[in-house]
Every structure is written in structure tokens, then in C-alpha cells.
Amino acid sequence: MTVDVMDGLITFFHSDADIYKTRLDICSTYIKENPKHDFIKDISFITNEYNSVFNRLILFICSSDINEGRIKIEKEALKVLLIEEYAEGLEQLDRNVAIEDVKFVEIKNKDKFDVTVTGSDTVNTLAELLLSIYREYTVNKLHGLDNCLNLRFRHGEVKNHLWSPLRKQGLAGRKAANNKFSVDEVFEDYRLFNEESLSHAKTSLSNFLVEIEKDIYSFRGKCNADSVDLVGEDERFFQYILAPQNIIDFVELFSVGKSFESLVDNVFVWLDDQTESILTELRTVALNELKEKMLLKFDKLLTEVEFAPLAFKQKVSLARSEIAERVDDMSAWFEWAEEPSSPFNFGAVYEKSSELVESLYPSIRINKVFKDDTHILIKPANFTTLVTVLSLAIENSTRHCGLSIELDLFVSINKSGSSYTLEVRNSISKEVFKTLSSRIDVMNDELSSNNSDKASKDTGSGLFKIKSLLANRVKVKANISVALKQDEYKLIIQIIDGEGLLYENSDS
């Protein structure tokens, strides 16, 4: 019974879960009925298949009750910060404040009018508090909306997701220092074709890549959240307006005796409503506009390369179709993120993470090996964060390995006492080894620091994001370091006390 035969049996089952369970039964029966000493090679292969299917089954169970949404604001964490900062001072204010005390003044600012609030000291204090709640919700570096957009949209995700079809079809070329694209390698197989037509096709493709990249970067750049102070300064998607009526409503809630926590909850509801309106606009309008712009550029390229080789034009057409699908797929990203209700093992995290990264780099063959010596069950609330952590680690390895055809990747997790060590090892090119050799000590010094500003950058911050996620989302202390051999790069993530990860008594 080969894996191909097992794959062919899917027409007889009603769901993916049935398929996974049957494959497990087949593998289990084979292992039991064949002594290891007679079938060492087969047993090893089937055992690996069993472990992989088991991990995918756990992933299926976890994923079946969540969506692909990526929008998440850590409101409980923000509430704690706000209570610590403002709750005590709020209790000192006079609750006997009338709505008539709230006055608004228009002040001309360049070509527009800004509205500012004025009134009693209580009104001014309440207005400042409301503004602070808006700021924390939108641009808090650890728990706010912009942190989510940075982590799950701007840090490589949008660019890699939409650039992937061009890589897959061998059309991506190589970006030069002048921001132009070298595409000679794309046309290596067509060297016997008409020289004038090829030269024209090269120029058209190079210009096309510049324009497509501009569209992607423009969209990615708009995936930012504005603090209220900066609304209207640019074309960011997530702009939050603090309207005069919001201030009046806030003062009224305070005057009727609402607690500080209740005030914050009410403001979060208002902000969530604004966020939902923005997400709806993104799903129904902005993504369609992006798709239309990109497809028009594909159509223009196909027109310009009318006399180019047929195989080349077919690749362009295939990339065009896949990019249209990928823009449509992004609609699911602009939904509220959910966590699974089921506990999971680390194998499910690995399956989901490697699946995500492989979709971003389809032109690289990744030879994967995974080993889990812990066999623990993890709390459902940590699923999305741990998938993000491992995705960042694997994506970092894939992007910076210097290899364009094939990559060896080994992921392992083991336990020592209450500590857990996650290692991601990968092969690297000689050029990358030379570059990293001179930087490895500096990298480790930076990783050992507690500089949270590095984690909030859009690029060059993947490893710092991992450390920040573990500390602020999973609430565990972690040490991160990197090591280097002649042909291998290794990322080591040591979770100092991982007992808080565990789902009840998962060791028992």
C-alpha cells in the first residue's frame, strides 16, 4: 500500500478527517504486522507517514473551527495598561458634569478645519482619556491594531503572497541596486528565438515587474493604522475619526456613573464598529481595485510581447490567473482572527507553518524533516501565535538562505525540565555563510537585548518579532540565538519555563 494508492482512496470518504483516520489505521496495521528487523526501510517510511498524517489530523481539527482572519487587537492587555495609567485619576474627577459643558472650536489647519474640544477641566481630562484609548487601540506597539498589521501583513506577507506566482512561473527576475529588474535568466531557454523580439520582451517584462511591485508596495503601505492625530495625512486604510459626538457620548457615560472598565469597553465597541466598516470596504472595494490594476498590467504585458515565445506568454497567463486568485484569497485575511477551541500538538503548528511558507516560495524545493520529542498538548489560545512564531522562523530561513532551487530544513523541539528548545536548521549558500560570519556575534548581542523597538519595524525584524510574540502573547520568557556552520544556519529558541503553554495535564 503506497502513499499514492492511499491518496487515490479519497473518493470513498466524506471528509478530510475520515481520510486522515483511515491513513492512520493503514499505517498502524502495517507497522504492527511487519517486524522492524525485516522491513527497516519500509517501517521508517511508514512511521514518518504516520506521524505526518497524525499532525495533519490535529491541524485539521484545530483549523475546522477557525477562519483565516488576521485582524486581532489584544483588548484585554490594552485595558490593563489603561487602567494602570488612568483609572485612579478618573476617580478623582467630579461626576457632576453636564453635556452643555462640552464645547467645540474649529481651528483651520492648512486646507481643512480641525475640531478641538474645550470646556471644564473634567471635560478636557475626559477628552484626553478618550484620545488615549483611541491611540492605544490603533498604534500600541505590542497589543494594538498596527502591531497586528505589521506582523501579519506588512512584514513580508503581502509582498511574498502576491509575488509568489511570478516566482513559481520563473518570471520574477532579480532586483538590481537601481530598483530595476534583471530578467536575462527568465529568457535563458529562448536564446535561439528572434533577438529583436527577445530584447523587446525583456524590456517589457522588466518594466512590468517594476510596476507590479509598486502596486504591491502601495497596497502594503496602506495596511497601516493611524493614531487619531494623523488621520487624513495619507491614504492608510485604517483611519479612525474621533467625532464630536463620540466625546459627548463619552462624557455622558462618565456622568451617569459608568466604571472606568465600562468606559473603555464602550469605546472599544465604537472602535470595533469602525474597524468592521474598514474591513468591509477592504474586502468589497480595495482588493477588487488592486486586482483590477494588477490584471490590467498583465494584459498590457501580454499585448507588448505578442511576438515573444509562446511558452513565455503561457507562463505570464498562468501567473495572471494565480495572482487574481491570491488577491481574492486575501479577502479572508481581513476578518477578525479566531482561535481554535481544541488543544493541539507542536506537529500541527509545524504543518501549518511550513504550508504557509511553501505557498510563499513555490519555486524552492524544501526538503523538510520534523522531530518532536515533547508530545505535549498546548492551550488552544496559543495556536495562532505559535504558528506565526514558527512561520517567521521558517520564512527567515527560506528567504535568507541564498539558495534558489533546493533547501534542506530541519525543525525540532525537545524538553528539558520545564524548558523547551525549538531549533530551526537550514542549508545556506557559501555567499550567505561569508556574510553571516562577520555578523553572527552582533546578531546574538542584539537578540539578547530587550529592545522592543526592533520588533515593530516592517522589515529586518523577524527574529525580534518572535521574541516579542513569546513574551507578550504567550507570556513566556525566551532566549533566542543563532549559530553558524560552513553550510548550515541554526536558529535556537529556548523557552525558559513552558509549563504555561500546556493544556491542563497534557503530560499525563
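Which residue forms a salt bridge with arginine 365? Select glutamate 406: its closest N or O atom and that of arginine 365 are 3.0 Å apart. A salt bridge here is a side-chain nitrogen of Lys or Arg within 4 Å of a carboxyl oxygen of Asp or Glu.

Arginine 365 sits in strand 5 (residues 365–372) and glutamate 406 in strand 6 (residues 406–416), so the pair ties together parts 41 residues apart in sequence. Helices (H or I, at least four residues) and strands (E, at least two) are DSSP runs, numbered from the N terminus. Arginine 365 is partly exposed at 48% relative accessibility. Glutamate 406 is partly exposed too, at 35%. Buried means under 20% relative accessible area, exposed over 50%, and partly exposed in between (1.4 Å probe, protein chains only).

Before moving on, note that this is a predicted model, in which local features need pLDDT of at least 70 and side-chain atom pairs count only at pLDDT 80 or more, while totals for chains, interfaces and linings use all residues. Residues are numbered from 1 along each chain as its sequence is written, and side-chain values use heavy atoms, with hydrogens and water left out.

Next, pick glutamate 322 and arginine 326. Their closest N and O atoms are 3.4 Å apart, in a salt bridge. Both lie in helix 11 (residues 310–329), four residues apart, about one turn of the helix.

**Arginine 473**

Go to the loop between helix 16 (462–472) and strand 8 (478–484); arginine 473 is there. Its relative accessible area is 18%, so arginine 473 counts as buried. Show the side chain of glutamate 74: it makes a polar contact with the side chain of arginine 473, at 3.0 Å. A polar contact is a pair of N or O atoms within 3.5 Å; within protein, one must be able to donate a hydrogen and the other to accept it, and residues adjacent in sequence count only if both atoms are side-chain atoms.

**Cysteines**

Finish with cysteine 148, buried at 2% relative accessible area, and cysteine 401, buried at 1%.
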